[in-house]
Amino acid sequence: MDLENKVAIVTGGATGLGRAFSEELLKHGAKVLICDLDYDAGELAMSELKKQYKGRVLFRHCDVTDCIQFEEAFEYALCMFLAINIVINNVEIMNDNFWELEVDVNLNGTIRGTLLAQKFMGKQRGGEGGVLVNIGSGVSIKPQVSTPIYTATKHAILGLTKAFGDPVNYENCLVRAFAYCPGPIENSFSEQKRFQLPGFDKAKECDLAGMQYQSMEHVAKELIPLLKNASPGSIWFVADGEPAKEIPYSNI
């Protein structure tokens, strides 16, 4: 897939890894609709990126737990950019104290985004197909003992994507779904001091032992060739600043 003038929707795209994905897509000629619950951060991101990528970046306030609002974001992208070619389900929270919201954002939000990608890009409804990226995590592959419920949501994303990307489903809708699982990212764990489940501190020590970090920029850059070439249902792991590698589902 040539990214020039392709239209991408990035959830949680105003800050952090989502912002890095958005910037990398813009660098490669794509048009991006940033979807984010944080209105101020979204407006700021759009304002800053418009200086370099005028006419190719928009922001839409969006709560992925709200089915109507989420679908309206897709309709907005289609109205403003006249197409949708790429959907990146990136938004997440990591706080097992609020596990119901965590499940609704991380898992249910990804399910909603997956179904909307099928609806708006799938050939069975008149679309031309496209690419769907569901963002997992290193904990999709190796459980994070300090956040077991967060881990569960990220494991579920792999099963969802593997099934949705099966040849039967791909041939039906031509939406090429794959999972992208970043390992530890700089500064991401330091923000988790508010998580105080029983035994959290000891569990956190176990998770941090031997951990090697990578930059958000590296993770974003490694996604680009996968957008072009990753096979349907494939699972990719990027860690330690190394190139992304495919992980067989049977080994997880």
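Trainee: Which exposed residues sit on the face of helix 3 turned away from its buried side?

Mentor: This is a predicted model: local features need pLDDT of at least 70, side-chain atom pairs count only at pLDDT 80 or more, and totals for chains, interfaces and linings use all residues. Residues are numbered from 1 along each chain as its sequence is written, and side-chain values use heavy atoms, leaving out hydrogens and water. Exposed means over 50% relative accessible area, buried under 20%, and partly exposed in between (1.4 Å probe, protein chains only). On that face of helix 3, the exposed residues are Ile68 and Cys79.

Trainee: Within what arc do the buried residues of helix 3 fall?

Mentor: Helices (H or I, at least four residues) and strands (E, at least two) are DSSP runs, numbered from the N terminus. In helix 3, Phe70, Ala73, Phe74, Ala77 and Phe81 are buried. They line one face, because the directions from the helix axis to their C-beta atoms fall within an arc of 95°.

Trainee: Which helix do the buried residues of helix 3 pack against?

Mentor: Packing is judged by contact, meaning heavy atoms within 4.5 Å. These buried residues pack against strand 1 (7–11), strand 2 (31–36), strand 3 and strand 4, and also against helix 4.

Trainee: Which are the edge strands of the open sheet of 8 strands?

Mentor: Two strands pair if DSSP finds at least two bridges between them. The sheet order is 3-2-1-4-5-6-7-8, with mixed pairing. An edge strand pairs on one side only, which here picks out strand 3 (57–61) and strand 8 (245–246).

Trainee: Which residue in strand 5 stands opposite Ile86?

Mentor: Strands of a sheet pair through backbone hydrogen bonds, either parallel or antiparallel. Strand 4 (residues 86–89) and strand 5 (residues 130–135) pair in the parallel sense over 4 bridges. Opposite Ile86 stands Val131.

Trainee: At what angle does helix 4 run to strand 4?

Mentor: Axes are lines fitted to C-alpha atoms, for helices over the stretch in contact, and angles run from 0 to 180 degrees between N-to-C directions. Helix 4 (residues 99–121) lies across strand 4, strand 5 and strand 6 (175–182). Its angle to strand 4 is about 175°.

Trainee: What relative accessible area does Ser47 have?

Mentor: Ser47 lies in helix 2 (residues 39–50). Ser47 is partly exposed, because its relative accessible area is 40%.
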